[in-house]
Structures are given as structure tokens and as C-alpha cells.
Amino acid sequence: MKKIIGFILFLTLTSLLMADVVSFTYTFEKPHIKTEGGYSELIYENCVNLGQEGEPLLPQLGAEILLPQAQELET
């Protein structure tokens, strides 16, 4: 039993030490500002403005990143 636990611990530590980091950087152009009825709206290309009624709308971009095996995600 101790050998199995030791082996699993060894595999876990090995996979954590050998993991590489994949980084993506997103850059955006200057936003288009749309003013209507005393309100201003920031419009970014390919983004959706989301928010609850009565609160500011925030531009959001959904991204799907397929990570290679043994990679980790940092936010």
C-alpha cells in the first residue's frame, strides 16, 4: 500500500514540475464611444456589452483556449 501511495505521489510531483506555462495576451484597439440619451456606451470589436439593468454595461470577450496536455491555467 505504501508503494502505491508513494508511486502516485511521485507521478503527481513529476507532472507538476514538468508542466509548461502557455500564455495568451489580448490587445484591443481604442473603443468606439456611442453617446445616446445622455448615456455613453463603450463598443469594442468582437465584444458583447453585458450587465444588469441599472448598472454599467461592461464589454466582455469570450475566449476558448485549448491547452495541451499537462498545461495549467493561471488567471
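Which strand gives the most to the lining of the largest pocket? Strand 2 does, with four residues. Keep in mind that this is a predicted model.

Let's stay with the pocket. The space in the largest pocket comes to about 300 Å³. Its lining is made up of K34, E36, Y39, S40, E41, L42, N49, E55, P56 and L57. Now sort the lining by class. Four residues are nonpolar, four are charged and two are polar.

Next, the aromatics. How many aromatic pairs does a search of the whole structure find? One. The partners are F28 and Y44, and their geometry is edge-to-face. The ring centres sit 5.7 Å apart, with 70° between the planes. For the edge-to-face label, the planes have to be over 60 degrees apart.

Where do the two partners lie? F28 is in the loop between helix 1, at 2-17, and strand 1. Y44 is in the loop between strand 2 and strand 3, at 48-50. So the pair ties together parts that are 16 residues apart in sequence.

Last point: are these two residues buried or exposed? Buried needs under 20% relative accessible area, exposed needs over 50%, and partly exposed is in between. F28 has 46%, so F28 is partly exposed. Y44 has 25% relative accessibility, so Y44 also counts as partly exposed.

To recap. The largest pocket takes four lining residues from strand 2. The aromatic pair is F28 with Y44, edge-to-face.

How values were computed. Residues are numbered from 1 along each chain as its sequence is written. This is a predicted model: local features need pLDDT of at least 70, side-chain atom pairs count only at pLDDT 80 or more; totals for chains, interfaces and linings use all residues. Side-chain values use heavy atoms; hydrogens and water are left out. On a 1 Å grid over the protein atoms alone, a cavity is a set of points where a 1.4 Å probe fits but cannot get out, and a pocket is an open set with protein on both sides within 12 Å along at least five of seven lines; lining residues have an atom within 4 Å of a point. Grid points are joined across faces, edges and corners, and a volume is the space filled by probe spheres set on the points. Helices (H or I, at least four residues) and strands (E, at least two) are DSSP runs, numbered from the N terminus. Ala, Val, Leu, Ile, Met, Phe, Trp, Tyr, Cys and Pro count as nonpolar, Asp, Glu, Lys and Arg as charged, and the others, Gly among them, as polar. Rings of Phe, Tyr and Trp (its six-membered ring) pair if their centres lie within 6.5 Å; planes under 30 degrees apart count as stacked, over 60 as edge-to-face and the rest as tilted. Buried means under 20% relative accessible area, exposed over 50%, partly exposed in between (1.4 Å probe, protein chains only).
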